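The sequence and the structure are shown first.

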Amino acid sequence: MSLYHIVFLFLIAGALAEHIKKKTPKVLFVSAYVILTLMLCLRFGQGTDYFNYASIYRFLPADPIAAMDASNHSEPGWKFICATFKMLGASYPVFIFILSLGLMLLFLRFLSRFGGNRKLLLLVLFYHTLYLSYFMSILRQGLVIAVFLGVLLPWLLERKYVRYCMLSVLLITIHTVSA
């Protein structure tokens, strides 16, 4: 049985405990969240696009402005982010670590705000689609989704429309799916 299956079973067991107790057991939630974060941050070669993104990262210049005009497949905002990390001397695994940590922190913000007493159930639902597909493999879309859940959705509900629109336009430069 793979680590991914074991973690999924752990999440299901936690969601069942959460359902029985009618509240989220803090130790189970923190344990599950830390395990998911470590798996995401410390991965190497995991996800279908890991090496494709590594290639984009490797061939971009370390100048964020020049990188936006580079002729490889990617939106200018993504190239800017990658080139900024390269300029700071970050290797691709370090970039993945920091990006993954950011994704998980944004998702934690969403869970804290909207999870209520069902945070482990939300982790079960999050695991197979958002985590294993978008956060693990499709990094640009994963970043856009994480920003939407952690920042844009609260702004939308708080009716902070100007902020919402400005950040939405910025996210389009990372991946057009955000439109």
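## Charges over rings

In this predicted model, the charged end of Lys 86 is placed over the ring of Tyr 57, at 6.0 Å from the ring centre. A further case involves Arg 163, whose charged end lies over the ring of Trp 155, 5.6 Å from its centre.

## Aromatic pairs

The model holds 19 aromatic pairs. One of them is formed by Phe 8 and Tyr 127, which are stacked, with 5.7 Å from centre to centre and 15° between the planes. This pair connects distant parts of the chain: Phe 8 belongs to helix H1 (residues 3-21) and Tyr 127 to helix H7 (residues 119-135), 119 residues apart. Phe 8 counts as partly exposed because its relative accessibility is 27%. Tyr 127 has a relative accessible area of 2% and is therefore buried.

Tyr 92 and Phe 95 form a tilted pair, with 6.3 Å between the centres and 35° between the planes. Both residues of this pair, Tyr 92 and Phe 95, lie in helix H6 (residues 92-114), three residues apart, or about one turn of the helix.

Terms used. Residues numbered from 1 in each chain as written. Predicted model: local features only at pLDDT ≥ 70, side-chain atom pairs only at ≥ 80, totals over all residues. Heavy atoms only, no water. Phe/Tyr/Trp six-rings, centres within 6.5 Å; stacked < 30°, edge-to-face > 60°. Helix = DSSP H or I, 4+ residues; strand = E, 2+ residues; numbered from the N terminus. Buried < 20%, exposed > 50% of the residue type's maximum accessible area, 1.4 Å probe, protein only. Lys NZ or Arg CZ within 6 Å of the ring centre and 35° of its normal.
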